[in-house]
Structure formats: structure tokens, C-alpha cells
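Let's read a protein structure together, one feature at a time. Bring your questions, and we will go from the general idea to the case at hand.

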Amino acid sequence: MSAPKKPSQRGPLRITVPSRADGFLRQFTALIGGPLGRHSDPGRVSPGFFSVERVMILLTTLGALLMLLAKNPCRVNGWGGSNPYVYACYSDWVPLFGARGFADNPWVPFSSGAEFEYPVLMSAVASSVAALVPQGLENRSLLYFDMNLAIVAILWVITVVCTLRMGGRRPWDAAIVAIAPGIILTASINWDMWAVALLAMGMLAFARGHTVLAGVLIGLGAAMKIYPFFVLGAILVIAIRTGKFKVFWTTGAVAAATWVLVNLPYALAYPDSFKHFFTFSSERGAGLSSFWHAWNAIAAKTDSMGTFEAEQISRYGLILFFLCCIGVAVLGLMAKRTPRLGSLAFLIIASFVMVNKVYSPQFIVWLIPLFALALPRWRLFVVWMMVEVAHFYGLWNYLDSFSADKDPHKVFPEIGYVLLVLAHMVMLAYVMFQVVRSILDPRRDPIRAVGQEDPLAGPFAGAKDVFTLRGLGKGAEKPEGQKV
């Protein structure tokens, strides 16, 4: 009896388009002739000049221009007084340029006794840009801001392109990152986009099987902000399920070695300056927009609730994050099918944001690219961004209420600020809940719904389960048939 013939493929796979796959977006296609027809062949027929990647770059460029427009009131009127709060155009770059001594010495973080509250690689970025600002200009801090903003725009494009290339048959999901209001409003507050872009490149390298390069990029990202390290937790869960521990150890060891190589020279040359970041992080109190700050704000108005001090927040936050990581690991090992890397990474990093003592507005840029990889649903994304935008403007109105010349009868009420903080945390928790549902029920996963397993799996692609919590006592279950 002859063996059955393998089905033939003609060229590349078709890609999924939003107007066809997303019911929410399909409602808005009437002005352009309705959703794409079922007889069209996207991914196999050349689109001409306007390829998906070029369209994404154009959309990101538009987003960057909107980011500039959002900060333009401060660029025109200055960052002094209450302007950053009234116009919601605050950025750390301008005050840090003067207050931390960059105007006088661009390399001030790399000196004995320096007190710059950021990791070493972020300090290097801040100093490198400051060194490019010419002496003698009338408004050097404005040029410093503009240069950082231009670099952030480039990093944003890199992040979008990486997200597109990690999307498999769903490259259009990168539009979530390209036009995200959360990125438009907050990416120019600080240097977080550096860590975002490095992590995106690291995850793309991993998806293509380059575990060493992925480790290097993740380690560099962690030298900017610690959160890229948490992706290793997602890799570990999949390594446990598949038994491919070498993948985890290679990527994790290279990431750790990269972080050490970046930090060690600075730690040896300027130990006090190196320690300042860690001391500052442990001693600072509850940051604005965090659960801890909202609790303390409510507790200050009542006698029945106690406030949390910095040391308590650090301890409880660490315990809660550890418990969240255990929960994600159990979820990953209990699921019927191996969870996708993007889903696990989103849950881990979102958990850190939720319980951390600091929940800065720009932390949303950490989560948006991961959301596009974990659960690219436009309706959910739009609602999430609406809540985040409301929180964003509420925060600056709340801070403006502390102005000395503010009429106390016209200030933004503190209860309104607390409610907005709780709203943006509840909304993030709901997004996390939806990601969990997609893991437990793969039919709810839009990535798997188009016939692909995990575009980010890389070295894990096609690996069978060798250990799951579901299989304890009865042997590991065989995975369901997988489509590649």
C-alpha cells in the first residue's frame, strides 16, 4: 500500500488581515469598500510598494509625529512651573539634564559619588546623548529632549518591525504597537523604549533559533531596565514542559553574563555610584499610580487603615511577584497545550507591573508589544487604551492640584485620582485574565486560530511535552495534533 502523498504548498502561507479576522475592525471597513474578500491572496500576491512592513513603518512615523505634537506645548512654553501638568507634556529628560549635572558634565553618572537613579546602560545612553549637545546654545535642554525623542522614534520603529516579524501569519498585529495611544503619550517620558526595543530584538532572535544572540540582547535590555530578564521565566516554563533545558540555560547564562559584563566595570570603578541605583530603588516609597500609593492615599484620610512604608512595600511586592510567578508556572504546566512564549511573558511582566512599588506611566510601553504577541484583539486593546488615556490625564491633573497658586476649589479631587489608578489596574488585571483564558482554552487564542502553533517557539518548535502537572501520576499526556 503506497504512502499517502503530502499536501503540496504553493509558495508562502497566506497572511491574516485584520478586516477579515477581527470582528471589531470589520465594522469600520465600510468607507474602504468593506473587509478583504475571501478570494484574495494576501501573503502570496505582491502588494507592490506598500508591503505590510512599509505600512507599519509609515504608521509608526505617524505615531512619532503625534508623540511630538503631544509634547509640543512644553517645547514651546517650557517645562517650568505647572506647564508639564497643565498640558500633560511632562518628560524626565529636561529636568534631569539640569538637576543631575548633564549640562555641565555629560558623563556625570560615571564619576565618584554620582547620584543618578538609573541602571548603568541607561546612564550611558543619557550621557552619550548629552555629550552630543553643543555648548553655548541658548536652550540646550530643549535640544537634549528633541534628540532623545528622535532616538525613541527610531527604537519604536525597530520594535514594530520586530513585532511584525514575530507575528507569523498575523503581521498586521504590529499595528497595535505602531499606533498605540499609550506609546504616543508616554514613550517620551523616559528611556524605557531602549529596553523595549532590545527585548523585542531578543525575542525575535530567540524565535529564529539564535539563543546566544537572544541572551545577549535580553542581557543588554536588563542593563537598561530589569524587566527583560523576566522573559527567561517564560522560557523556563516551556523548557520544563518539553525537557529542552539546554535552551533555557544557554539563553539565561548568556543574558546573565552580558548583564555582568556591562555592570562590572562600572561597579569596580565607581562602587558608590553603582550602588546608588539599588539604594534608591529600595528606599523610595510608593510611586504614583501604583496600588501602594492609592492605598496610602486612602489610608491617610482614615484612621482605620495603616500606610505602607518603603521597606514594607519592597518586601510585600517581592513576595507577591514571587507568588505570581509560581502561579504563571503552574498555569503553564497545567495547560492542555504548551502555552505560547508571548502569553507567558506578558503575564509575568504584567504581574511585576501590578505589584511593583512603582507604576510609572511609561511602563505601559513595556506591555503593549507583549500584548500584540499574547492576545491581539482590537476591541480589548481599544478599551484598555481608553482607560490608560483617562488615567494618564488624570495623573497630571492630580499633580497640578499641588501647585501653590491653585484655587483649592478647582483642584482635581484625590478620590478621582485614586479611582483612575484602580481603574487602570483593574483593566490590566482583566487583560491578564483574558490571556489566561486563551492559554486554558486555545480556541480563544487568535494566534492559534489561524493555524499556527507559536511563532516565538524557536528552539522549542515542534517539541513534545515530557512533563506536565496534568500528567503527574498517569504519565505525560500526548499533545494534540499541532500545525506548524
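The dialogue below takes up cysteines, a nonpolar core, a helix and a serine.

Q: What kind of model is this, and how are residues numbered?
A: This is a predicted model, in which local features need pLDDT of at least 70, side-chain atom pairs count only at pLDDT 80 or more, and totals for chains, interfaces and linings use all residues. Residues are numbered from 1 along each chain as its sequence is written, and side-chain values use heavy atoms, with hydrogens and water left out.

Q: How many disulfides does a search of the whole structure find?
A: A disulfide is a covalent bond between the sulfur atoms of two cysteines. The criterion here is a pair of cysteine sulfur atoms within 2.5 Å. The search finds one: Cys-74 is joined to Cys-89, with an S to S distance of 1.8 Å. The link of Cys-74 and Cys-89 is right-handed, with 60 degrees about the S-S bond.

Q: Which parts does the pair of Cys-74 and Cys-89 tie together?
A: Helices are DSSP runs (H or I, at least four residues), numbered from the N terminus. Cys-74 lies in helix H3 (residues 52-77) and Cys-89 in the loop between helix H4 (83-86) and helix H5 (93-99), so the pair links parts 15 residues apart in sequence.

Q: Is Cys-74 buried or exposed?
A: Buried means under 20% relative accessible area, exposed over 50%, and partly exposed in between (1.4 Å probe, protein chains only). Both Cys-74 and Cys-89 are buried. By contrast, Cys-324 is in no disulfide, and its nearest cysteine sulfur, that of Cys-325, is 7.0 Å away. Cys-324 counts as partly exposed, at 27% relative accessibility.

Q: Which residues touch the most other members of the largest nonpolar core?
A: A nonpolar core is a set of buried Ala, Val, Leu, Ile, Met, Phe, Trp, Tyr and Cys residues joined through side-chain atoms within 4.5 Å. The largest one has 136 residues, and Trp-191, Phe-346, Ile-368, Trp-384 and Leu-428 touch the most other members. Contact means heavy atoms within 4.5 Å. Leaving aside neighbours within four places in sequence, Trp-384 has contacts including Phe-346, Ile-368 and Leu-428.

Q: What covers the buried residues of H15?
A: Helix H15 (residues 291-299) has buried residues, among them Trp-292, His-293 and Asn-296. Their cover includes helix H16 (310-334), helix H17 (341-355), helix H19 (378-400) and helix H20 (414-440).

Q: Where is the place of Ser-290?
A: Ser-290 sits in the loop between helix H14 (271-283) and H15, and is buried with a relative accessible area of 0%. A polar atom of the Ser-290 side chain lies 2.7 Å from the backbone oxygen of Gly-287.

Definitions and conventions. Helix = DSSP H or I, 4+ residues; strand = E, 2+ residues; numbered from the N terminus. Polar contact = N/O pair within 3.5 Å; in protein donor to acceptor, adjacent residues only side chain to side chain.
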